[in-house]
Number of protein chains: 2
Amino acid sequence: MKKKQLATPCVGVVGLGLIGGSISLGLQAAGWRVHGLAHHYSAAERAQKLGLVTQVSTNPAVLENCNVVVLALPLTALLQPEEHLVKALPAMSVVMDVGSVKAPILQVWHTLHPRFVASHPMAGTAQSGMEASSATLFHGCPWVITPQNDTDQDALKTVQRLASVLGSHCLKVDAVQHDRAVALVSHLPVFVSAALLSTVCDEQDPDIRQLAMLLASSGFADSTRIGGGNPELGTAMASYNRLALLKGLASYRCKLEQLEQIIISSDWFQLHSELTLTQNLRPSFVPDRLQS
Amino acid sequence: MKKKQLATPCVGVVGLGLIGGSISLGLQAAGWRVHGLAHHYSAAERAQKLGLVTQVSTNPAVLENCNVVVLALPLTALLQPEEHLVKALPAMSVVMDVGSVKAPILQVWHTLHPRFVASHPMAGTAQSGMEASSATLFHGCPWVITPQNDTDQDALKTVQRLASVLGSHCLKVDAVQHDRAVALVSHLPVFVSAALLSTVCDEQDPDIRQLAMLLASSGFADSTRIGGGNPELGTAMASYNRLALLKGLASYRCKLEQLEQIIISSDWFQLHSELTLTQNLRPSFVPDRLQS
């Protein structure tokens with residue numbers, strides 16, 4: 001019986017949105033069994049129809065025989081976990097999350113389960129929801145793990161194996177450093193982008209506002225994609241990574257004011273240098289697969 | 001002879017970058033003849049190899065028998081046109097530009113050619129250069145024309161026909177209003193996006209900077225695409241649409257400070273409302289084909 005479990009691991013996935021759904025599809029494609037736990041009956045039904053999971057339920061008992069449980073829940077649900085979910089987690093299973101902040105999650109989960117591993121796959125698409133799930137979502141992406149001194153080493157290896165099965169590679173990072181880095185490249189851009197949408201909408205002249213709507217093209221679409229995303233996620237990022245985000249916002253404001261001053265003083269030589277710098281910078285920050 | 005010209009119009013395209021190249025390909029696909037004028041011999045050779053044009057030269061005499069001449073030049077070249085180019089434009093041909101600001105271009109070209117029409121196709125891709133040209137680049141995009149009271153009505157119809165052959169639809173707009181609208185949806189986003197790249201690069205802690213590079217994902221790639229674009233284009237946008245851009249930057253700065261204040265005061269209810277607003281706004285600003 002134990003041998004059979006090792007051969008085809010059984011993974012519980014709690015929350016079947018884009019990330020939970022994509023993990024499920026990817027693991028199933030590798031021959032793993034996936035037990036899904038959905039909050040609502042309708043989500044369970046959709047997941048079953050889409051073939052995301054081997055079996056699915058709204059009852060946490062579905063996690064009973066799982067070797068690994070992936071918590072693919074929104075940040076708020078992860079940070080204030082329901083008691084019956086915590087109770088249903090098998091003591092011997094590895095429990096991991098995929099949330100976009102790590103220090104607050106470790107603070108909560110460190111004491112909730114002995115084999116908890118905090119992780120964050122650096123993948124995403126413009127779409128959301130289980131219908132957008134893809135078995136290849138994590139291909140080539142770094143999968144951050146933020147172990148602590150007392151993190152179970154076997155549990156860590158299990159998470160590394162799972163990430164590797166999904167085509168990803170693990171990156172061990174300090175939780176606080178992770179949160180500071182994602183504040184810059186993942187959380188700050190949400191507010192920079194949202195402010196751009198609001199600015200156009202707040203244009204006082206209705207003719208110009210109307211015309212701006214008609215003339216917005218691919219550049220505007222790209223720049224506002226994440227600012228027009230899920231409000232729950234944006235709010236959670238800000239509330240659970242508040243200080244690092246505020247530091248990023250302050251630096252950003254200074255940088256933008258510098259550019260504004262250059263334009264005010266019509267220093268086109270300097271502006272050209274600044275834009276040459278950003279043109280040269282981008283390739284080192286953006287992976288090849290996302291360059292265009 | 002005249003009849004034959006009407007049946008298969010001959011269009012001169014001056015400048016064979018992404019826009020000039022795509023116009024050439026699209027017109028050729030519709031059976032039109034295209035005479036390309038390139039600045040450098042190497043560009044002419046590449047255009048010939050790629051089949052962008054029916055014939056190509058670095059000598060403006062290539063425009064001699066063209067019914068229409070499209071000036072697909074960088075803004076600076078358009079606003080300080082070379083004398084031998086202006087002299088080579090046939091007096092009876094329709095001359096049109098495709099530049100991203102319209103009032104300064106009209107100011108220069110209004111007196112340079114009697115049948116000049118100012119226009120701006122609202123299309124683009126992340127790529128640039130003639131190699132990225134596509135016959136379908138303009139499909140479904142608005143093609144702005146900014147006629148003046150004395151603009152030749154026949155010339156206007158010719159431009160409308162050309163845009164329609166390329167799968168685009170013309171939109172008559174006042175030049176100053178065009179420039180104010182594109183300041184918001186096209187020029188402002190360049191600087192918002194460039195400042196985001198600079199902010200991450202200016203991070204003082206080298207470990208965090210390094211980690212941010214590793215963790216940047218699709219959201220960062222999208223938000224920084226146009227900020228990492230052509231420095232000549234960004235500088236030209238700022239210098240030729242300076243006041244409208246500065247107005248946009250000032251509004252943007254206020255909006256971002258509002259969001260910052262909301263985060264400082266941890267007013268998550270208010271932040272959620274703001275992000276719900278931007279989520280609801282985006283679909284009206286971004287055409288269906290660019291939603292995702």
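This is a predicted model: local features need pLDDT of at least 70, side-chain atom pairs count only at pLDDT 80 or more; totals for chains, interfaces and linings use all residues.
Residues are numbered from 1 along each chain as its sequence is written, chains are lettered from A and ligands numbered from 1 in the order in which they are written, and side-chain values use heavy atoms, with hydrogens and water left out.

Visitor: By what turn can chain A be laid on chain B?
Guide: Copies are superposed by least squares on the C-alpha atoms of residues with pLDDT of at least 70 in both. The RMSD is then 0.0 Å and the shift along the axis 0.0 Å, and the two copies are thus related as by a two-fold rotation axis.

Visitor: Which residue of chain A comes closest to the rotation axis?
Guide: With contact meaning heavy atoms within 4.5 Å, the same surface serves both copies, as 100% of the contact residues of chain A recur in chain B. Judged by C-alpha, the residue of chain A that comes closest to the axis, at 2.2 Å, is Ser223(A).

Visitor: What is the angle between the planes of Trp109(A) and Phe116(A)?
Guide: Rings of Phe, Tyr and Trp (its six-membered ring) pair if their centres lie within 6.5 Å, and planes under 30 degrees apart count as stacked, over 60 as edge-to-face and the rest as tilted. The structure holds 4 aromatic pairs over all chains, among them the stacked pair of Trp109(B) and Phe116(B), at 5.5 Å centre to centre and 20° between the planes. Trp109(A) and Phe116(A) are likewise stacked at 5.5 Å centre to centre, and the angle between their planes is 20°.

Visitor: Is Phe116(A) buried or exposed?
Guide: Buried means under 20% relative accessible area, exposed over 50% and partly exposed in between (1.4 Å probe, protein chains only). Trp109(A), the partner in the stacked pair, has 0% relative accessibility and therefore counts as buried. Phe116(A) has a relative accessible area of 6%, so this residue is buried.

Visitor: Which strands of chain A stand at the edges?
Guide: The open sheet has 3 strands in the order β7-β8-β9, with mixed pairing. Both faces of β8(A) are covered, with Pro142(A) and Val144(A) buried on one side and Trp143(A) and Ile145(A) buried on the other. One side of each edge strand is left without a neighbour in the sheet, because each has a single partner strand, and these edge strands are β7 and β9.

Visitor: What is phi of Ser266(A), about which the model gives a positive value?
Guide: Most residues other than glycine have a negative phi. Ser266(A) lies in the loop between α12 (242–264) and α13 (268–285) of chain A and, at 31% relative accessibility, counts as partly exposed. Although Ser266(A) is not a glycine, its phi is positive, at about 50°.

Technical notes:
Helices (H or I, at least four residues) and strands (E, at least two) are DSSP runs, numbered from the N terminus. Two strands pair if DSSP finds at least two bridges between them.
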